[in-house]
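Please view the sequence and the model together before reading on.

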Amino acid sequence: MLSHAPSAPSAPSAPAQLDVAAGLLALLRDTTTEPRPDIQLEALTLAVAADLPVLLWGEPGIGKTAALTQLAASLDLPLTTVIASVHEPSDFSGLPIVGDDPAEQGVPMAPPDWAVRLVRAGRGLLFLDELSTAPPAVQAALLRLVLERRIGALRLPPEVRIVAAANPRSSAADGWELSPPLANRFVHLQWTHDHDVVVRGLGGTWPRATLPRLDPERLPEAVDFARRAVCGLLAARPKLVHRLPSGETRRGGPWPSPRSWEMTLCLIAFATAAGSSRDVLSLLVRGTVGDGPGLELLASLDRMDLPDPEALLADPAAAVLPERGDLRQAVLDGVVEAVRGRPEKSRWDAAWALLARALETGAPDLVVVPASTLAALRREGWEVPAAIDRLAGAVALSRRADRAAARSGVPVTAGR
Amino acid sequence: MTAVTLDLDKLYSARLHAVRVRPYLATALFALHVVESRRVPTMAVDRHWRCYVSPGFVDRTPVEELAAVWVHEVSHLLRDHHGRGDRAAREHGLTGPGERLRMNIAADFEINDDAYGDGLVRPEGAVQPKAVGLREGELMEEYLTQFGLGPRTQHMAWLDCGSGADGLEREWDLGPDGAHGLSEQERDAVRFRVAQGITGRPGNTPSGWKRWAQEVYHPPQPWRELLGAAVRSATSGSGAGDDYTYSRPSRRSAGVPGAVLPSLRRRPPRVSVVIDTSGSVSDAELGSALLEVTAISRAVGGRRDLVTVVPCDASARIAHPLCRAEGIPLLGGGGTDLRTGFATALRSAPRPDVIVVLTDGQTPWPGTRPPCRTVVGLFPRTGRRRSWDEDGDYVPDAPPAWARVVEIG
């Protein structure tokens, strides 16, 4: 039993103990990485590549700095982290240096050393951390840095990219929030941690995100796509161009204005050129113009992907309809609307052929409403096309639904 | 028992019926992808918007009931019951299949209280909050805290709406990589289109769906946080709280001889709380809001003696420092005129940095902007839930634009 009691120390020398500790630390730091898609990091990368000011909103300690380190490594930029809350405003607006004759020569505002180094390097990633716990005067000085890229008399070169981080309003100790004009200049990204990633990382395997690469071949196409997407939506929905946030809940967040739409256009082009997924684009767009307008833009992008009704009417036999029911229904509705817009016998026939094709390749209930609308568009002298026989299944289905409606006490409305 | 084949025509007829009686759900119903499965008891959904259907269930269920089940299942997905279930599980440490069953039941309560009727029959065995003695019209999270599994929920034990309803993966789930699943962005887009359809044409949509459509992309934040943020931002703005001042030299001045640098100084904010003591605000509401304001102002460095309280009805009484708050006579009743409350608060010396007004909004407001920041905590009017635009007879003035307004409760 005595052997288990702590034996008298055999006078180990201090360096030996520290060596053991170093060994233990080395074991702890011995982690591997595995590739894992990370849409947050991908969105951040695209926004930084697009040279738009990004504001990461996230609770302290969830890996914002780690993400920035990875981003800097992948963009091959040296990372400079500035903890805003431990600085004074003069660190960002410049320290006054009194010369021999201030009245004659003025008082130059000297920049801090990190800024000088950054300007000398000519490129780098500047990370302004803890923006929300800095006193208001420091924040005011920082915003000039973010928006005008000026520190005292220095101007940051264009190859320097700036990312800021702030704690959410609810957990910020002194509740800083952005005024609407400032909020409008940022791409707001909500930074959250993924439970699985954290657990697996602590177990020794951290994720390694594969970051998007811009494809030089796709640049003109990307710009064209982005312009069509934004202009198409804003032409149809003029009210979305400018909408100041109203209400307390939406303060400090993104909102639509011509400036933020321009940022959106830029981000769509970058995401397209990088071949990023819609999930990444969704984060970026919603973080720039807000949830409502952002989702409308994404919905209209989905519709841009749908086949053109005129092309379908021109060649119904070769039509490829979307697999997903709701999109397919949107296409069929679009075709019927196109016929309504320019009713001609040949177009009407082509629409019937298209409906018959839809019935053969997918769920029949989708066809019922477009078919009845199309039937109502019939003009005098138009003969019922042969294709309509193939719609018998849909008619039977519709009758069956009518009977169910009658049993559940709904008056059957004609025409639907 | 011979295996029945899935009667797709019957299933789609039911969906057509559901779309006809609930046109605003059409996008969502059509977005569901049907998967035949013999392992699900009835119909079930997963979080990727696949709908698993038992052929036997379709065979023995009438079309109109199937339509109701369609609507029920799609409601789970639209209302994000799996995501909310996961969050509830994390927050309250709920684990195990029993708890997931409770989530499924609570989610069903949320859906079922206003899903049926108006052309949709109630499916046999649709569980109701009334069955376990609970009120209608609440949310899944609220129901979750109110009942346990027991004899009264015995008949609900067969209930299984799949992982889309409670977040627990089932053995029949095709998972995120399976065919025809919707990505997160696509799910958001479908939800958004449905919500847009409802807010665009509210018509006779049930109130539960209207509320969902309003809140799906702008969930209401807890008023305590909003009020806290408003008061904090008002008290920490320039002129109050921690900031730099040139009134004392900075410690760094020694290093820059000849230059004048500002130093960090704290000037604790003075907060004046004007309380509407007219009859329409209940004591409990006032008490909780007042506690909240004092807690917030203390957190931002306001000392207790810098918070004053001005009870106000038609004529404001004198301002009381908060250290005697326990004894403040919240007299009143009858009409309110907050203008006198503002005047009293501003007359006190030294002048407050922030005025926080707690009121139900039934009052005239000052015509000009007061010379300090103003936060208005607005109580909902008694007897109704934040619906003062629906009331025709008297519409009070809205709080002025220069005040930051937080709705309380």
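## A strand covered on both faces

In this predicted model, strand β6 of chain B is covered on both of its faces. One side carries B:V271, B:V273 and B:I275, and the other carries B:S272, B:V274 and B:D276; all of these residues are buried.

## Neighbours of the strand

Strand β6(B) pairs with strand β7 (residues 307-312) of chain B in the parallel sense, over six bridges. Within this pairing, B:V274 has B:V310 of β7(B) as its bridge partner.

Strand β6(B) is also joined to strand β9 (residues 354-359) of chain B; these two run parallel and are linked by five bridges. Here B:V273 has B:V356 of β9(B) as its bridge partner.

## Chain B as a whole

Chain B contains 13 helices and eleven strands. It has 409 residues, of which 56% count as buried. Among its contacts between residues at least 6 apart in sequence, 66% join residues at least 24 apart.

## A nonpolar patch on chain A

On chain A, the residues A:L24, A:L25 and A:L28 make a nonpolar surface patch of about 300 Å². One of them, A:L28, lies in helix α1 (residues 14-29) of chain A. A:L28 counts as exposed because its relative accessible area is 60%, and the cut-off for exposed is over 50%.

## Confidence in the model

For the complex, the predictor gives an ipTM of 0.72 and a pTM of 0.75. Chain B has a mean pLDDT of 76, and 75% of its residues reach 70 or more. Confidence in chain B is highest in strand β3 (residues 50-53), at a mean of 91, and lowest in strand β8 (residues 320-321), at 54.

Two stretches of chain B call for caution. Over residues 323-327 of chain B, pLDDT stays under 50, and the model has two contacts beyond four places in sequence for them. Over residues 382-394 of chain B, pLDDT also stays under 50, with 14 such contacts in the model. Where pLDDT is low, the predicted coordinates should not be read in detail.

Key
Residues are numbered from 1 along each chain as its sequence is written. Chains are lettered from A and ligands numbered from 1 in the order in which they are written. This is a predicted model: local features need pLDDT of at least 70, side-chain atom pairs count only at pLDDT 80 or more; totals for chains, interfaces and linings use all residues. Side-chain values use heavy atoms; hydrogens and water are left out. Patches are made of residues with over 30% relative accessible area and no salt bridge: like charges are joined within 9 Å, nonpolar side chains (Val, Leu, Ile, Met, Phe, Trp, Tyr) within 5 Å. Accessible areas come from the Shrake-Rupley method with a 1.4 Å probe; for residues, only the protein chains shown count as cover. A salt bridge is a side-chain nitrogen of Lys or Arg within 4 Å of a carboxyl oxygen of Asp or Glu. Helices (H or I, at least four residues) and strands (E, at least two) are DSSP runs, numbered from the N terminus. Buried means under 20% relative accessible area, exposed over 50%, partly exposed in between (1.4 Å probe, protein chains only). Two strands pair if DSSP finds at least two bridges between them. Contact means heavy atoms within 4.5 Å. pLDDT is the predictor's confidence in each residue, from 0 to 100.
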